Amino acid sequence: MSRFSFLFTVLCTLHIACVQEKWDRPNPKNDRDLNFAIYKTIAELRSSMGSSGYREIKDNIIISGEVIADDRTGNFFRQIIIDDGTAAIPVLLDANNLYNDFPIGRKIYLRCKGLYTSFYYKLPQLGYIPNQNGLLTAIPYHLWDNYIVAAEMQQAINAIEVSIADVKIAKPELYNRLVRMIDIQILDTNKATQFALPANISSATNIQLMDCDSHIIALRTSAYSSLQALRPPKGRGKITAIYTVFNNTPQLVLRDTSEIQMRSPRCL
Amino acid sequence: MKKMSLFLGLLFVHQASIAQEAKGTIKGSLVSPNVLSWSAIDIQLYLPKLRQIQAIDTHGSFEIRSLPLGIYSIHIRLNGSTIDSFSVDVNQGSIHIGNIVINLPERNNEATEQEQIPSIALEMLENNIDEEDLMGHQNISILLNSSGVRDPFLAASSFIFSQYNLRARGYDRTAQQLFMNGTLMNDLVSGQIVWAQWGGLNDIIKNPSSTYGITAHQQAIGLVNGSTVFTLNAAENAPLNKVSYSLSNRSYENRVMYTHHSGLQKNGWAFSFSGSRRWAQEAYAKGTSLEAYSGLISIAKTLNTRHQLSLNIIAALNERASSGASVEEVFALSQDHYYNPNWGWQDGQKRNAKMAKRCQPLLLIQHHMEASPQTKITNSFSFQTGYNQISSLDWYNAIDPRPDYYRNLPSYYQNNSPITAENIRQAIKNNPEKLQIDWDRLYEANSNNVETLHKLNGDSLSARRSLYALGADVEEIKKISIAHNIVHKQSDQITWSGGIQGIIQHSSFFKKMIDLLGGDYYLNYNQFAAQQFVGNVQYKQNDLETPDRAVLKGEKYRYHYNNSIGKAWAWAQIEMNLKRVSLFASISAGYTTYLRNGLYRNGLFAENSLGKSAQQNFLNQTAKSGITYKIDGRNYLIFNGWFSKEDPGINNIFIAPRTRNQTLEKPNVQQTQSIEAGYIMHAPNLSIRAIAYATDIKNRTQIQRFFNDEPEYQSFVNFVMQKMNTRCIGTEWAIEYSLNPLISFNAAASIGQAFYTNRPEISIYNDNDTNTRPTSKEVYIKNYYLGLGPQSAFTVGLKYNSKKFWYMKVNTNYFDRNYVSVNPSRRSIEAAELIDKNNPIYRKIFDQEKLPSFYTLDLSFGKSIRLHNLWDKMAYQTALSINIGINNVLNNQNIKLGGYEQLRYDFSNNNPDKFPTKYTYAMGRTFFANISLKF
């Protein structure tokens with residue numbers, strides 16, 4: 001019997017030693033590209049939106065685009081912006097940290113039927129059922145699968161070179177697109193000690209940018225972004241940002257501080 | 001360890017040199033009018049002086065050989081517990097003592113039943129004790145009390161009430177002590193008894209000597225709910241081999257156990273071994289699995305008639321996938337009352353994020369000494385080391401991965417957009433996997449997230465930074481205990497007992513990286529501090545000593561600290577057994593010291609997190625006394641009282657031990673007063689118990705810790721409730737009556753009220769808030785019930801005992817007055833500000849929910865077959881036992897077993913529904929089938 005006990009003990013010990021949890025890594029989904037037969041460009045979608053109010057998309061429209069802005073720094077909130085080379089549009093999604101699933105550079109497809117288009121203070125956007133105030137809501141997390149298919153990572157989209165003079169009067173064709181400006185500086189560096197005032201003072205702050213010809217455009221930063229407390233540069237240089245509009249006032253929104261590089265001497 | 005082995009070796013060598021002495025023999029027979037054959041009864045003779053077990057044959061005859069001359073007390077043990085005793089003076093070669101008449105109860109066939117049912121009870125305890133939800137069960141493993149008498153109430157409480165979450169007398173899990181071979185087994189950090197430490201060893205760790213409520217015990221003074229005392233001693237086990245296999249659909253699917261007892265050999269050695277494996281691919285709730293191995297080795301050496309040594313090593317490795325409580329909305333969406341949010345599919349398998357793993361081997365060494373025929377001394381030593389851990393998902397700047405996250409559920413959208421809510425509802429119904437963890441998504445998010453980390457020291461790292469990771473909260477312990485116990489019988493009327501015990505427990509707590517889920521590293525940052533203090537590079541560091549550290553698999557992160565606890569106490573007791581009256585009085589005094597030693601310098605609490613805290617010292621005192629008036633030999637009246645002052649335990653002293661050394665300004669010593677009185681009757685065919693009790697616990701402190709995922713908090717919160725008074729009052733009733741030798745009837749009831757008796761103070765300390773002095777407020781919870789399971793429980797049963805050694809038992813049970821645990825901060829002025837008292841919302845905020853009452857039906861069947869009777873070549877003790885138990889036969893899956901209000905509350909809108917109550921449901925029909933072979 002003692003032999004039996006010994007054998008039992010050894011078998012148990014061996015089995016214990018073999019219990020090692022190993023989970024395989026699943027195949028990433030980011031190597032796939034889906035070929036849908038019917039789709040529209042974002043520019044075509046934009047043209048079907050009219051110029052005000054919201055509209056439900058009732059047709060079986062599919063668009064695709066590359067994410068050009070996400071919420072990694074918190075300067076964009078509950079939205080990503082996609083660009084297919086013809087135009088760009090924000091897609092409202094109801095979660096924080098959308099960059100987990102839809103980081104800049106990722107191609108996505110959108111099945112638009114059942115979604116809504118609208119204008120947020122004249123800025124076009126794509127989202128879900130409007131609320132009582134007529135503003136679009138964000139697509140709830142559990143419904144994302146119904147509308148969005150994330151595909152492969154792509155080469156970053158190049159920013160469109162513009163000057164403040166080109167865009168200081170609102171240019172709808174550039175709304176939501178990534179633009180780059182050179183020879184830009186912050187108008188009042190003494191006043192702009194942070195990208196944004198703290199949230200208890202204001203939810204967002206405008207800093208005036210100026211070129212060497214004294215053209216001015218606003219750089220708007222959220223108090224809840226990780227950029228808020230950082231100090232803006234004092235020199236002159238280039239900026240890459242998303243071109244947006246608030247009513248008729250154009251404004252730039254930074255994706256990250258690495259995209260504002262102003263180390264040259266100021267021009268004025 | 002080497003020194004220990006040497007010490008034992010020397011003792012054994014010493015024993016070998018003991019000279020041969022004159023020997024005698026005792027012969028005799030047991031006789032009982034109720035017993036037709038002794039073969040199916042687990043009865044033995046036990047000689048405490050020699051610590052020797054003697055079996056009897058099928059006719060009840062016995063012969064005890066090779067006894068050194070002297071006076072022997074011989075105990076008759078039924079199912080391991082003493083039911084009678086007699087003395088024999090062995091002064092010549094062979095003594096024939098004739099027939100010993102014993103009055104066995106009619107239920108002597110219960111040998112098989114008792115063997116099995118506690119297994120079920122113990123498995124349940126073990127598998128639920130770590131649950132965060134309310135599935136836990138009170139420790140009522142007591143079937144036989146310390147005097148060896150079966151108590152019908154405790155039987156009902158152990159086997160029936162505890163399955164449905166009834167907490168004995170409304171006490172929490174810290175109200176009872178458990179001793180294993182003399183040393184205290186309760187975890188000194190939590191105060192609780194961790195049954196999983198010896199789970200699966202039911203065939204060897206059984207038949208404790210226990211007290212329930214306020215009674216005397218010669219091994220321990222215990223706590224207000226008594227004590228459970230296990231004594232493992234290979235010399236006390238009769239030679240036996242036992243193999244068993246069990247099939248169940250509860251916490252495991254399969255169990256195999258093997259136990260071997262050598263019995264006490266002629267050379268004084270005895271050896272026992274027990275091992276088991278329990279496993280489940282999927283237990284009752286979806287996504288729950290179990291893999292558990294247990295082993296026990298017990299060695300005893302009788303040195304001479306006065307000294308005996310025993311050594312026990314217990315190890316149990318247990319890995320269990322957990323389930324959890326949830327809200328009604330999710331139960332409805334999933335159409336499953338056993339919905340489990342902890343699992344999701346990966347590689348075609350269900351992977352559970354909450355894996356509880358425990359391995360805390362235990363060494364027990366005990367020395368028994370009979371200093372004189374009247375004085376017995378035991379010296380005990382125990383050492384325990386190991387870990388327990390529970391894993392969970394971690395995430396940093398990432399979408400909440402919990403599939404039942406409230407902001408993603410339809411109810412979150414219901415008010416503003418019912419259409420959206422309905423669309424979500426439909427989407428979930430069409431694809432129920434949305435309510436499970438999406439592991440693939442977590443891996444994908446991590447693999448997409450390539451980041452370059454610029455460290456403060458100038459280095460940089462470019463790799464996949466995990467947004468999601470699987471980490472485990474780990475506790476590693478080392479515990480050493482020594483104890484000395486003495487029992488002195490001054491006369492037939494007076495017995496003294498007492499002892500001293502000292503324990504040092506060192507626990508190390510940290511978070512350990514289990515799996516980076518496809519990423520390369522995780523950063524040791526506090527994301528909530530990073531969000532709250534944007535731009536501050538210090539605050540977000542979990543450890544300023546190693547800032548910006550990339551955490552790899554297997555490494556510690558988040559928090560790391562040690563708790564050191566020292567506890568020592570002495571106790572004494574006198575028992576007086578007079579003709580009409582029995583009395584006892586016990587006192588104890590002890591000292592407890594607590595210390596926290598932080599190993600991380602937390603960024604938010606840089607000055608108060610690293611290094612040792614101030615020592616926290618407490619003096620504890622206990623006194624209890626009782627009187628039993630013997631109306632006659634069968635009817636007793638009892639009256640017992642208890643008074644104690646106890647420290648609140650380390651978990652209720654350090655406010656946020658994961659982040660800092662801060663303690664409560666004035667840790668309160670809680671005061672417990674309890675009385676019980678009643679009537680007990682033990683007659684051959686009738687047992688009755690009727691007890692009333694009342695217990696006040698004053699000045700309690702309770703710190704509850706939870707993760708508050710409201711956007712404005714996003715932090716671990718320490719919810720401190722102080723100056724809390726509670727009262728538990730109630731009655732316990734039981735009757736067991738044998739209608740005839742075949743049929744017996746039993747009924748039991750526990751009717752209690754456990755409630756708050758004052759308005760305590762609460763203070764909420766945020767782990768991520770540098771403000772260490774939050775304001776406290778009074779909460780209006782006076783007369784609210786404690787949420788601890790049903791407070792009324794009833795059972796009625798019938799049992800048929802066949803003369804052919806099988807039995808069948810049926811019980812119907814009724815439970816009521818089960819209240820959800822309230823959120824005290826919801827019972828405050830702020831919770832209903834500006835709401836009129838006549839507004840129904842006001843009542844909704846303040847009323848306490850009572851869960852629906854419920855009935856259940858339980859069946860059990862057992863059969864014992866003496867194979868020797870069928871095939872005489874087999875040893876006469878060879879027996880096959882079959883047991884089947886079915887609980888909740890009617891498969892009622894709508895029984896709400898428990899519930900608790902979440903400790904967060906929507907103060908902005910005074911909306912009690914924003915964070916709804918979480919519930920757990922009792923399992924539907926479950927079964928347990930066991931076959932075992934003794935040989």
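This is a predicted model: local features need pLDDT of at least 70, side-chain atom pairs count only at pLDDT 80 or more; totals for chains, interfaces and linings use all residues.
A residue is buried if 20 or more other C-beta atoms lie within 10 Å of its own, exposed if 12 or fewer, and partly exposed in between. By that rule B:Ser853, with 13 C-beta neighbours inside 10 Å, counts as partly exposed.

**Contact between the chains**
- Chain A contributes 33 residues to the contact, and chain B contributes 38 residues.
- On the side of chain A that touches chain B, the elements giving two or more residues are helix 1 (2-18) and strand 7 (123-130) of chain A.
- Helix 1 of chain A gives the most to this side, namely five residues.
- Sorted by class, the side of chain A that touches chain B comprises 17 nonpolar, 12 polar and four charged residues.

**Nonpolar cores**
- In soluble globular proteins, nonpolar side chains tend to be buried together.
- The largest nonpolar core here has 105 residues, and A:Ile80, A:Ile82, A:Ile89 and B:Tyr468 have the most contacts inside it.
- Apart from neighbours within four places in sequence, the contacts of B:Tyr468 include B:Leu393, B:Trp395, B:Leu442, B:Ala445 and B:Asn446.
- A second, separate core has 93 residues, among them B:Ile205, B:Ile221, B:Leu309 and B:Ile565.

**Helix 7 of chain B**
- Helix 7 (residues 439-448) of chain B is largely enclosed by the rest of the structure, because seven of its 10 residues are buried.
- Among the buried residues of helix 7 of chain B are B:Leu442, B:Ala445 and B:Asn446, and these three are also in contact with B:Tyr468.
- The cover over the buried residues of helix 7 of chain B includes strand 18 (343-346), strand 19 (349-352), strand 24 (460-464) and strand 25 (468-489) of chain B.

**A three-stranded sheet in chain B**
- Three strands of chain B form an open sheet in the order 17-46-45, with antiparallel pairing.
- Strand 17 (326-327) and strand 45 (896-900) of chain B stand at the edges with a single partner strand each, so one side of each is left without a neighbour in the sheet.
- Two bridges join strand 17 of chain B to strand 46 (residues 918-921) of chain B in the antiparallel sense.
- Within strand 46 of chain B, B:Tyr919 stands opposite B:Ser326.

**Surroundings of B:Ser853**
- B:Ser853 is located in the loop between strand 42 (850-851) and strand 43 (854-866) of chain B.
- Not counting residues up to four places away in sequence, B:Ser853 touches B:Tyr814, B:Phe815 and B:Asp816.
- B:Gln673 is 180 residues from B:Ser853 along the chain, and their C-alpha atoms are separated by 31 Å.

Key: Residues are numbered from 1 along each chain as its sequence is written. Chains are lettered from A and ligands numbered from 1 in the order in which they are written. Two residues are in contact if their C-beta atoms, placed from the backbone, lie within 7 Å. Helices (H or I, at least four residues) and strands (E, at least two) are DSSP runs, numbered from the N terminus. Ala, Val, Leu, Ile, Met, Phe, Trp, Tyr, Cys and Pro count as nonpolar, Asp, Glu, Lys and Arg as charged, and the others, Gly among them, as polar. Two strands pair if DSSP finds at least two bridges between them. A nonpolar core is a set of buried Ala, Val, Leu, Ile, Met, Phe, Trp, Tyr and Cys residues joined through C-beta atoms within 7 Å.
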